[in-house]
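Here's a quick briefing to read alongside the coordinates. Have a look at the chain, then go through the notes by topic.

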Amino acid sequence: EPRVPLKKNKACCPFHPEKSPGFNVVPRKNRFHCFGCPKSGGPINFIREFEHVEFLPAVERLAKEFGVPIVHATRGQETVFKGTNPGRHERDLAGGG
């Protein structure tokens, strides 16, 4: 089930109450934008806002949902994640192939 049911790539914004659809998705650009609030971005930004999580958990959720493996490594105090081709994976996660 989709997080936001779209009709012709539009819906009421999931981030604020509205009566008419101001939330738009542009699949070919893997972007979303709401004309009623300042929310916009790509798939990772959407998950961060929609599920109220930080960057890494958003990436992990999308990767799990689409079957993209993530290898975790640590470097000093920071956690690093690696993929074979991160740019391709982000496009894949957005459904852009």
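## Quick tour

Ala11 sits across from Phe23, a residue of strand 2. Strands here are DSSP E runs of at least two residues and helices are H or I runs of at least four, numbered from the N terminus. Keep in mind that this is a predicted model, where local features need pLDDT of at least 70, side-chain atom pairs count only at pLDDT 80 or more, and totals for chains, interfaces and linings use all residues. Residues are numbered from 1 along each chain as its sequence is written, and side-chain values use heavy atoms, with hydrogens and water left out.

- Four strands make an open sheet in the order 1-2-3-4, with antiparallel pairing; two strands count as paired if DSSP finds at least two bridges between them.
- Strand 1 (10-11) and strand 4 (40-41) are the edge strands, each pairing on one side only.
- Strand 1 runs antiparallel to strand 2 (residues 23-26), and two bridges join them.

**The core**

- The largest nonpolar core holds 14 residues, and Phe23, Phe46 and Ile47 have the most contacts inside it.
- That kind of core is a set of buried Ala, Val, Leu, Ile, Met, Phe, Trp, Tyr and Cys residues joined through side-chain atoms within 4.5 Å; buried means under 20% relative accessible area, exposed over 50%, and partly exposed in between (1.4 Å probe, protein chains only).
- Strand 3 (31-34), helix 1 (43-51) and helix 2 (55-66) each put at least two residues into this core.
- Leaving out residues up to four places away in sequence, Phe46 touches Arg3, Val4, Pro14, Phe15, Phe23 and Phe32 (a contact being heavy atoms within 4.5 Å).

**Helix 1**

- Pro43, Ile44, Phe46 and Ile47 are the buried residues of helix 1.
- Looking down the axis of helix 1, its buried residues fall within an arc of 160°, so they line one face of the helix; the arc is taken over the directions from the helix axis to the C-beta atoms.
- Just after helix 1 comes His52, with a positive phi of about 55°.

- Most residues other than glycine have a negative phi.
- Asn9 isn't a glycine, yet its phi is positive, about 65°; Asn9 lies in the segment before strand 1 and is partly exposed, at 35% relative accessible area.
- Asn30, also not a glycine, has a positive phi of about 55°.
- Asn30 is in the loop between strand 2 and strand 3, and it counts as buried at 17% relative accessibility.
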